[in-house]
Amino acid sequence: MENGQNRFLGQSNATGEFSIRITDATKELAFRVKGYPTTVIPISKNARVDTNARFRVDLPMIMADSQQVRQAYLPAVPTKHRSIYFQTQDARAFRRIPATVCFRYASSGRTQCVDISADATPTLALLNATEKITFEVRAKGYQPYSGTLTDGQTDEELYVIKLLMPNNVLVASYELPANQKLDHFEFRHVADKNYTVRGPVPPPTLGWNTFKPGNTYRFTATGQNGEVVADEQFRMEPGWTFVQFHAKPAAGARLMSIDLAKPTYFDSAVLYFNQSEYALGEVSKRKLDSISWRMIKLRPLMAQVTGHTDNVGPRSLNLTLSEYRTRVVSNYLHKKGVDPNQLVTCWQGPNAPVASNDTELNKAKNRRVVLRFFSK
């Protein structure tokens, strides 16, 4: 979106990677992917971004038929009315979160709201079965979600709604002195001395509620000799905030940009599952024990966890099954001590087979979770 007009910028390759050039007049970016809701992100840039500055940013997305999962549900105490049960989850971390769902009846315009707890037991909503009903789910710190109750419902059903955090992300580029090794970097809230983000190497992106829109922060980078080589403030805006941080080099020092090249995957592991199951077997647990040990020792090590299925049964159920397989693997690693920020999760259902589904042996090869490793 530039000056009130939409302008086509480009199309990604088959793996979702793209390179685009945006102007100072660009106010929004819209990402359209088949099978996914369109994502529109406001953007802003600080005044010191160079014309040819390069940035790298990732955009997590969730398939339209995966964000709202509907399934039959058998409650401990059945009701005599049309009963809909709700659970809300963090779409990236899979944990249950509290939320509020508001139903709107099409004929009367009446609105009914119900608070959803984060308990393991889903929350019940008693509804009028004679009208078409739309709903909106809201949770603090997450993007709202709107949906419609599906026709042909049974007496008892469960809706699992997965919510995404807002796309409030600091997208950073750094100009540091050549051959200058950093001791550490820091981001601090200018008004809150207790808020600090610190590490050995400044990352290309920081977000998902790390920084709050409307607040001002300070970035500093310190060399190994204790000298502060960068010290700048920036204001976080809604959406993607592009900031280029500049160093204060010594006389005659040459500047260099931190490499923002895409990660290189250098190793992988595969876990296999029984037909229609997502429980971990003993062989898989032993593999994950070894993987967790390595990832705890090497904190820069990252893993992309992707669930897959064969093609037996409806595609929608296979997508859910592949999600559960992804979830059980990532949760196992979390419990073993792996930092959630070291994991990137996704699921493909039957969309990416490694063998044709023509024999039982080949189907078994497709019932898998793949872990691909790379460094930050």
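Trp 240 and Phe 242 are both buried, that is, each has under 20% relative accessible area, where over 50% would be exposed and values in between partly exposed (1.4 Å probe, protein chains only). The model is predicted, so local features need pLDDT of at least 70 and side-chain atom pairs count only at pLDDT 80 or more, while totals for chains, interfaces and linings use all residues. Residues are numbered from 1 along each chain as its sequence is written, and side-chain values use heavy atoms, with hydrogens and water left out.

Rings of Phe, Tyr and Trp (its six-membered ring) pair if their centres lie within 6.5 Å; planes under 30 degrees apart are stacked, over 60 edge-to-face and the rest tilted. The count by this rule is 23 aromatic pairs. One of them joins Trp 240 and Phe 242 edge-to-face, at 6.5 Å centre to centre with 80° between the planes. One aromatic cluster is formed by Tyr 174, Phe 185, Phe 187, Phe 211, Tyr 217, Phe 219, Phe 234 and Phe 245.

Beyond four places in sequence, Phe 103 is in contact (heavy atoms within 4.5 Å) with residues including Phe 86, Val 114, Leu 127, Ile 133 and Phe 135.

Strand β10 holds Ile 161. Why does Ile 161 count as buried? The relative accessible area of Ile 161 is 0%. Among the residues that Ile 161 touches, again leaving out those up to four places away, are Phe 86, Phe 135, Val 137 and Tyr 145. Ile 161 and Arg 70 lie 91 residues apart in sequence and 8.8 Å apart in space, C-alpha to C-alpha.

The second largest pocket holds about 380 Å³ of space. Of its 21 lining residues, Thr 38, Thr 39, Gln 143, Leu 164 and Asn 167 are the closest to its centre. A pocket here is an open set of points on a 1 Å grid over the protein atoms alone, where a 1.4 Å probe fits, with protein on both sides within 12 Å along at least five of seven lines; lining residues have an atom within 4 Å of a point. Strand β2 (residues 39–45) gives the largest share of this lining, 3 residues.

Notes
Points joined across faces, edges and corners; volume = space filled by probe spheres on them. Helix = DSSP H or I, 4+ residues; strand = E, 2+ residues; numbered from the N terminus.
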